[in-house]
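Please show the structure first. The questions come after it.

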Amino acid sequence: MQPTLPQQNVLTEIFSDLTQNYLVMGVPGAGKTTLISMVANKFNQLGINDIVALTFSRNLAEDMQNKVEIGTVKTAHAYMYESLRNYLKLHHFTISKGQLVKQPDGTTRYSNVNDNLLRQIVYTHCKTTFGLIDSKVVPQDMVKEFYGLMYDIINCTNKIRTLALDYEKDVIKIHELLDLKFGPQTVNDSLTVLKSLTDSFFLRGMMDFMGMLYIPLIRPEVHDKIHSPEVLIIDEVNDNTKLLENAYRVIARNSKQVIAVGDEKQTIHIWAGANPNGVKDLQEYYQAKKLTYDFTFRVPKAMCRYLQSSGIDTRIKTYEHNKEGAILKASYNEFLSKVANGDMVLCRYNRGTKVKRTLQQISIDLITRRKKVAFHGSTHIEDISEVLRLSEPLPHNATKQKLKDHVSNCIKNAIATEYTDKDLTKDNYRCEQLKEKLGTFILYFDFFAAMQLFQTFDVKKFIPFLEGMYAKTEDAIQLYSIHRCKGLETKSKAWIFHFEVLVADASNTDSELSARIEAHNLALVALTRSKDMTIMVECALPEFFPTPTAG
């Protein structure tokens, strides 16, 4: 593929000085991943083969692998994890990545440690604190305080890891950053737990997603086994966490050139710890020269005009050969009848009660109409498995209603066991998760009962039924949350649900500025997936989109 003039200008600049680091910023659809492949191929022509291209998510890494033929292409987690395994093999240790979770699209992912190993360690720690060493049940009068401390320690422990803080070297920094939220004692308890957690990884041979970066990062003895390539290419730098930033610094310690690619207006993972100032921090640390190109291959002319006039993205420009495209509006019934295989369906939420129709409900409505659906990034099988586990033993040969009542009561009891205070139950993340997972179970259970016409529930058929509901091919309607569709595109239509939620979130002055910026960026990502037509379902695009500002 021949580079466009903007791409050629970037390539010329990069290869004019092979000792200079670069930060390349491009608008949605500008061909940033394609540019990475051109950079890698050019290095290969120059006889430079020690090239590593890294990003933060597996679907983005897979997209890069399809375009970059030279060098190593991985997620940063996989790269660091491989280095850790190599270190441990020398010392006759083995390690694995925790529990495999099967996804509806046929892929698998590794669960994080929050609900297993970390939870067990913190639970044991809290029992000791409360003098409950021999007690299997938390007394009712201690429940509120006990679980309040437990979840504070879990959140604080993960905050320390997300910030890439070494619990041996950064104790003062940890206290300065976290004391106001968690209190000194909770921070100290979290450091104790984190040491136990780190040791348990080695003793039990189990690794969680965050630990794949954190463990090799805070152990200097592992650093020598982390290969530092001659050229390091980092994709999607706009969504780096502090943990990722520090991992990249270790990987790039001996690199001759670092080339970082992204778009600061597409930072959409602030809620998960992405550094809102990450692009600026990266540029300063590597003393990188910033290059920009604002022409998009993908986005049609009609959408570009809207993005500019509404204020969502005033930078974006289109090529003459881009399609004119269109922005339309449709009712839900029109969507159900007209959506076709290959179309992309985008929604703010996979599940939950914050919107009228989640992707889970939309998927069921489509399947009911005999449409082929591929559901990307859903955890409904994992969620339902946990609900069933918490509901054991299930009543034998129970009717549909009795079984639903049994499961609902078990989950409500699990929530009540962890918190008795109504206000805390409302605000606690774990309790909200359980409520959402119960809602997921009921949604799919009702569909299962309706489709199978069973009067009794056969759990052995339930999970296989769910796994078989969704297609695993591109010849289907593709369902994504907006976060999940980042970096992807469709030649067909993009159907967008609940855009009004993004408008409201971006204009809500009661929320933090970072949350409003993320809502603004999510709108940009959603509106720039289709090369042709974007259809707003049950909502209209505002003439002007709210621009988040401080104050």
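This is a predicted model: local features need pLDDT of at least 70, side-chain atom pairs count only at pLDDT 80 or more; totals for chains, interfaces and linings use all residues.

Residues are numbered from 1 along each chain as its sequence is written, and side-chain values use heavy atoms, with hydrogens and water left out.

Reader: At what angle do the axes of α1 and α2 cross?
Author: Helix α1 covers residues 5-14 and helix α2 residues 32-45; helices (H or I, at least four residues) and strands (E, at least two) are DSSP runs, numbered from the N terminus. Axes are lines fitted to C-alpha atoms, for helices over the stretch in contact, and angles run from 0 to 180 degrees between N-to-C directions. The two axes come within 11 Å and cross at roughly 40°.

Reader: Which residues of α2 make the contact with α1?
Author: Contact means heavy atoms within 4.5 Å. From α1 come Q7, V10, L11 and I14. The α2 side is made by T34, L35, M38 and V39.

Reader: Which strands are at the edges of the sheet?
Author: The open sheet has 6 strands with parallel pairing, in the order β3-β2-β6-β7-β1-β8. Two strands pair if DSSP finds at least two bridges between them. An edge strand pairs on one side only, and these are β3 (72-75) and β8 (289-293).

Reader: Which residue of β3 stands opposite V52?
Author: Strand β2 (residues 51-55) pairs with β3 in the parallel sense over 4 bridges. Opposite V52 stands T72.
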